[in-house]
Each structure stands twice: as C-alpha cells, then as structure tokens.
Amino acid sequence: MKMVAAAAMPVWLTFPCQGLGGRTPGLQFHRGNKEMVQGRCTRKARPTTISAIFELKPPPYQLNALEPHMSRDTLEYHWGKHHRTYVENLNKQIAGTELDGMSLEDVIISSYNRGDILPAFNNAAQAWNHDFFWESMKPGGGGSPSGDLLELIERDFGSFERFLSEFKSAASTQFGSGWAWLCYKANRLDVDNAVNPLPSDEDKKLVVVKSPNAVNPLVWDYSPLLTIDVWEHAYYLDYQNRRPDYISVFMDKLVSWEAVSYRLEIAKARAAEREMEEERRKREEEDEQESDGEAVEMYLDSDADDSEAD
C-alpha cells in the first residue's frame with residue numbers, strides 16, 4: 001500500500017484503478033461532484049496541514065490474467081469495488097487523527113489496540129490484506145515450492161502434502177469471513193489458533209493460522225508469507241458456495257511460490273536484525289549496570305577516605 005503526502009495547498013492525487021487492461025472506471029472527486037473518468041482515481045487534498053493518503057495499488061497482472069481459475073468479473077468487483085472502498089474509507093477515517101502520517105502497518109498495529117479494536121482497524125487491515133493477497137497469486141501459479149521454503153515446510157509440517165492439508169483445513173473451517181495464513185513465527189507469542197503439527201524448540205518456524213474478519217498476523221508479530229481470502233466476495237461469482245473448491249484451485253493453480261519464498265527471506269532477515277538489536281540492547285544494559293556499580297564503589301571508597309581524614 002503506497003502512501004502519498006498531501007501538501008497544505010490543494011493538489012490532485014492520482015492513482016490507478018485497476019491492473020493493466022482492466023475495465024472498471026475510476027472516480028474523480030471534484031468540488032463535491034463525482035465524475036466518471038476512465039482508468040484512474042483522483043482525490044483532491046484538503047487545504048489543511050500535511051497529511052498522508054493511501055493509494056489503491058493495482059494487482060501485479062491484468063484483471064483477466066488468472067482466468068479460468070479466477071475471473072475478470074471477480075477481480076473487477078473484488079479489487080475494483082471492495083478493495084477500493086477499504087482504501088477510501090481508511091483515508092476518511094484517519095484524516096486529521098493521530099494515525100494520519102503513519103505507515104499502513106503502524107496504523108494496523110495501533111488501531112488493533114491489543115484486541116480492543118479502534119474504528120480505523122478494519123479498513124486499514126483489509127487494505128493491507130488485499131494487497132498481500134493479490135501479490136500471493138500469479139498466472140500459471142501453483143505447483144510446489146523449492147529451496148529453503150520447502151525445507152522449512154518439510155521440517156515444520158512433516159511434508160508438503162501435510163502442509164497443504166493443514167492450510168486447506170484452516171481456510172475451509174474459518175467460520176464466516178476471514179483469512180488463512182502461512183507465517184514465519186520468530187517470537188514466543190503463541191496464538192490459540194496457530195497450527196503447527198510438528199512444533200520445534202526453536203522460535204523460527206512456520207505456522208498456519210486463520211483469522212476472523214480483517215485480523216491479520218501482523219498484530220501477533222508474525223511475518224505473513226501466504227494468505228487466502230475466504231470472505232464470500234472473494235469466490236462467490238466463480239464458485240458460489242463451494243469454498244473448498246476455491247481453496248483447492250487457489251493452492252493448485254494460483255499460488256506464487258516465488259513471492260512466498262521472497263517473503264520468507266525478508267522475514268528471516270528481519271528476525272536476524274531484531275536479534276542483533278536485542279543483543280546490542282542487552283550489552284548496553286550490562287555496560288550501564290557495570291558502570292553504575294563502579295560509581296557506587298567509588299562513592300563508598302570516597303566516604304571511607306573522608307572518615308579516615310576526620
């Protein structure tokens with residue numbers, strides 16, 4: 001999700017309305033009136049203080065590129081209407097608030113508020129979730145992963161087939177609207193619905209989780225690697241009420257394992273960086289404690305010298 005700074009003077013902010021070759025028209029907001037403009041969405045910034053406006057980012061492929069597994073009609077409604085609405089409502093909700101100017105991830109964490117969800121959370125999380133979902137797919141996707149990703153899957157789930165079973169189960173059993181995720185867990189925070197059939201003693205492991213409504217693993221400090229949207233609007237035009245069929249096609253024909261592998265490398269690098277930062281912090285605390293101890297000892301020695309002088 002891209003964020004654009006809006007200056008104090010009125011300006012036009014333009015962002016694309018769909019992937020290459022899409023047909024959904026954009027909306028141009030001008031002096032309170034709506035005008036249909038083909039191929040773009042623009043919003044006029046209010047002449048107030050500097051603020052941030054999130055943009056609707058197009059999927060990384062044409063809207064018909066996932067056919068026959070996911071239709072152009074689904075993308076036009078799902079991305080062009082649902083996703084767009086989340087972004088536009090988010091911008092309205094955070095304008096002029098303490099969330100204005102934050103990154104999208106920080107808006108999500110702040111508005112989640114340790115489970116006491118604030119109004120902006122649902123739109124912020126759904127905007128992020130959908131960007132992540134589009135980028136989890138590619139034309140001609142599916143198959144199986146390779147390299148480090150496959151090794152970790154086999155280590156933490158026993159086999160790729162066992163992972164597929166766990167992921168499909170999480171997606172199909174999520175009651176009502178929500179998401180299923182494959183995540184890299186680099187901390188000791190346990191989530192009730194985290195599924196890891198072969199837990200290791202290490203923190204750095206893969207887990208499958210499912211989340212209701214807009215909730216995503218960022219709020220648990222997990223690193224998402226893959227997600228599937230199981231809100232009905234994600235699949236109903238193509239699969240009606242056959243959610244298991246949609247899930248199977250997603251895994252067999254649409255998943256971009258290259259994207260998942262890339263995200264894993266980022267997650268591992270992030271975990272290593274945080275470990276180094278934690279070690280640095282501990283060393284600084286130890287050095288500070290040693291310094292305080294030396295200062296106390298010098299103070300006591302000074303008192304003893306003064307007593308002898310008396």
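Student: Is Arg114 buried or exposed in this model?

Tutor: The model is predicted. Arg114 counts as exposed because its relative accessibility is 85%, above the cut-off of 50%. Arg114 lies in the loop between helix 2 and helix 3.

Student: Which residues does a cis peptide bond join?

Tutor: Most peptide bonds are trans. Here a cis bond joins Glu67 and Pro68, with omega at about 5 degrees. Pro68 is found in the loop between strand 6 (51-54) and helix 1 (72-94).

Student: How is the packing of helix 4 against helix 5 to be described?

Tutor: Two packed helices are described by the angle between their axes and the distance between the axes. The axes of helix 4 (residues 147-157) and helix 5 (residues 160-173) come within 8 Å and cross at roughly 75 degrees. Helix 4 is therefore roughly perpendicular to helix 5. Helix 4 contributes Leu150, Ile153, Glu154 and Phe157 to the contact, while helix 5 contributes Phe160, Arg162, Phe163 and Glu166. By class, the residues of this contact comprise 5 nonpolar, no polar and 3 charged.

Student: Which residues have the most contacts inside the largest nonpolar core?

Tutor: In soluble globular proteins, nonpolar side chains tend to be buried together. The largest nonpolar core in this model has 73 residues, and those with the most contacts inside it are Phe163, Leu182, Leu206 and Ile228. Helix 3 (residues 121-134) supplies the largest share of this core, 8 residues. Beyond its neighbours within four places in sequence, Ile228 is in contact with several residues, including Phe133, Phe167, Trp179, Tyr246 and Phe250.

Student: Where does Trp181 lie, and is Trp181 buried or exposed?

Tutor: Trp181 belongs to strand 7 (residues 178-185). Its relative accessibility is 0%, so Trp181 counts as buried.

Student: How many helices and strands does the protein chain contain, and what share of its residues is buried?

Tutor: The protein chain has 8 helices and 9 strands. Buried residues make up 44% of its 310 residues.

Notes: Residues numbered from 1 in each chain as written. Predicted model: local features only at pLDDT ≥ 70, side-chain atom pairs only at ≥ 80, totals over all residues. Heavy atoms only, no water. Helix = DSSP H or I, 4+ residues; strand = E, 2+ residues; numbered from the N terminus. Buried < 20%, exposed > 50% of the residue type's maximum accessible area, 1.4 Å probe, protein only. Axes fitted to C-alpha atoms, helices over the stretch in contact; angles between N-to-C directions. Parallel < 35°, antiparallel > 145°, perpendicular 65-115°, else oblique. Contact = heavy atoms within 4.5 Å. Nonpolar A, V, L, I, M, F, W, Y, C, P; charged D, E, K, R; others polar. Core = buried A, V, L, I, M, F, W, Y, C linked by side-chain atoms within 4.5 Å.
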